[in-house]
Amino acid sequence: MTPKRLCSLSVSIATTLFFWWMMYSSDHSHPSDNTHYPGYKNCEKKSKVAFLKTHKCASSSLQNILMRYGLKNQLNFVLPTAGNYLGRYIKYSRSMIGNTPWERAGMDYQIFCLHTIWNYKEVNRTLGTDTTYVTIIRDPLELFESLWVYAGMDNYYNTDLETFALSPKTGLFANRAYKNLGRNQMLWDSGLNARLMDNVTAVKNKIEEIDETFDLVLMAERFDESMILLKDKLCWDFQDVVNFKLNARKESKKTTLSPEARAALKEYLSSDYILYEHFKAKFEARVDLFGLPRMSQELSILRHANENMKSKCSLKATDNDKIVGKNKLHGKGMVAYIADEAADPECRLFSLSEINFIDELREIQAERASRIGQNMNIDLESVDEQIVLKSMNRLPFNSD
């Protein structure tokens, strides 16, 4: 090799190494990394997270991130004895988990991430101090259309979405589908009473409450940027927020609406739009504050990490209707995933359905509670069901 070629090759190698060093430095020079090395970062990973899981806002993808992180770090979750809701029709109360082995064992909790009707005071009472509060929003019309298909709301209302949008909201059309799904879903999930959806003062008060109590309000439409902000806020690594689009629909299942129907739905969902526009503006301001060059660089790293994991796990999207077993999702027209579970222990967690993932967490947590019970000589199998029933009966309905 001639000296000229050798020199050119050396410069090329040095440039490549410098580029990768810059990428590495960006991942390890600001709040988002490992706590095991003092001085390695100027922050420590945060492990207490309360996530308000709003319906059809890419919330299952974020929930999967939290559940993977909690499982990896042996954290405790706020879980009911069965199912994936902590209050489907009524606001969350700690008494809802009073019959669980982990509550009776006196365990502390680090992660709250199931569907709920939000109750900040009770969530705060459950998790305690030093908790980071996070939720996620989506354009209300897109949310409603997705929810309509996912939940089979055409079966509940006995009509199609176009007709529903253009019809007066009286009789059956005035009700929430299945008592908990429908109009202004984000405000409903946030705990606003159904009777107050047209009360502008109540809506603004709820928005103010969210503003004061939540550390991050993320956006489904800008999910990757949201994950960068989350990573930064929690001082996590890129690997902690690797993600794939979960609970997504097949393109063929998306509904096409006329301009008139879209306009009618926007008016119908006007209160959710007040919430959405408020937090969209705040999100954009947060991204600007984060710095666009830094955001661009970190997005590149995250997307590279996502692609690496996808390749490593041989992750493939498939028709959920053809899936059987633990990877099958709830809902209509969904896209599921299959993965090479032998490639890496974490691979199966990306394709595992929410319900089955929660069931596994429950089993692990029950074993943890059992060990505590044995050490403290507590009988976790015996419980007074009447006390639990009376406690549940005292809980108010969100629609009152």
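## Disulfides

C43 and C235 are joined in a disulfide, with their sulfur atoms 1.9 Å apart. The torsion about this S-S bond is about 80°, so the disulfide of C43 and C235 is right-handed. The link spans distant parts of the chain: C43 is in the loop between α1 (3–28) and β1 (49–52), while C235 is in the loop between α10 (223–234) and α11 (259–268). The two cysteines are 192 residues apart. C235 has a relative accessibility of 2% and therefore counts as buried.

C313 and C347 also form a disulfide, and their sulfur atoms are 2.0 Å apart. Here the torsion about the S-S bond is -80°, and the link is left-handed. C313 sits in the loop between α13 (292–312) and β7 (316–319), and C347 in helix α14 (residues 347–351). This pair, too, links distant parts of the chain, at 34 residues apart. Both C313 and C347 are buried.

The count comes to two disulfides. With bonded cysteines counted along the chain, the pattern is 1-2, 3-4. Two further cysteines can be described by their burial: C57 counts as buried because its relative accessibility is 0%, and C113 is buried with a relative accessible area of 1%.

## Confidence in the model

The structure is a predicted model. Its mean pLDDT is 85, and 77% of the residues reach 70 or more. Over residues 11–40 the pLDDT is below 50; this stretch has 45 contacts in the model beyond near neighbours in sequence. Residues 383–400 also have a pLDDT below 50, with 30 contacts beyond near neighbours in sequence. Where pLDDT is low, the predicted coordinates should not be read in detail.

## Salt bridges

How many salt bridges does the count come to? The count is 19.

| Salt bridge | N to O distance |
|---|---|
| D240 with K45 | 2.9 Å |
| R125 with E122 | 3.1 Å |
| D224 with R303 | 2.9 Å |

The salt bridge of D240 and K45 links distant parts of the chain, with D240 in the loop between α10 and α11 and K45 in the loop between α1 and β1. The two residues are 195 residues apart. D240 counts as buried because its relative accessibility is 7%.

D224 and R303 meet in a salt bridge. D224 lies in helix α10 and R303 in helix α13, so the pair ties together parts that are 79 residues apart in sequence. R303 is partly exposed, with a relative accessible area of 42%. Salt bridges that share partners also join K231, D232, R294 and E298 into one network.

## Helix α4

R125 and E122 both lie in helix α4, three residues apart, which is about one turn of the helix. An α-helix has 3.6 residues a turn, so residues three or four places apart point the same way. E122 counts as buried because its relative accessibility is 16%, under the 20% cut-off.

Helix α4 covers residues 120–127, and E122, V123, T126 and L127 are buried in it. Seen down the axis of α4, the buried residues fall within an arc of 125°, so they line one face of the helix. What covers them includes β1, β3 (111–112) and β5 (132–137). Just after α4, G128 takes a positive phi of about 85°.

## Nonpolar cores

The largest nonpolar core has 97 residues. Those with the most contacts inside this core are F112, F144, L218 and M227. Not counting residues up to four places away in sequence, L218 touches L62, V134, T135, I136, I137, S226, M227, L229, L230 and F283. Another core, of eight residues, lies apart from the largest one. Its residues include V242, F244, M309 and F350.

Technical notes. Residues are numbered from 1 along each chain as its sequence is written. This is a predicted model: local features need pLDDT of at least 70, side-chain atom pairs count only at pLDDT 80 or more; totals for chains, interfaces and linings use all residues. Side-chain values use heavy atoms; hydrogens and water are left out. A disulfide is a pair of cysteine sulfur atoms within 2.5 Å. Helices (H or I, at least four residues) and strands (E, at least two) are DSSP runs, numbered from the N terminus. Buried means under 20% relative accessible area, exposed over 50%, partly exposed in between (1.4 Å probe, protein chains only). The arc is that of the directions from the helix axis to the C-beta atoms. Contact means heavy atoms within 4.5 Å. pLDDT is the predictor's confidence in each residue, from 0 to 100. A salt bridge is a side-chain nitrogen of Lys or Arg within 4 Å of a carboxyl oxygen of Asp or Glu. A nonpolar core is a set of buried Ala, Val, Leu, Ile, Met, Phe, Trp, Tyr and Cys residues joined through side-chain atoms within 4.5 Å.
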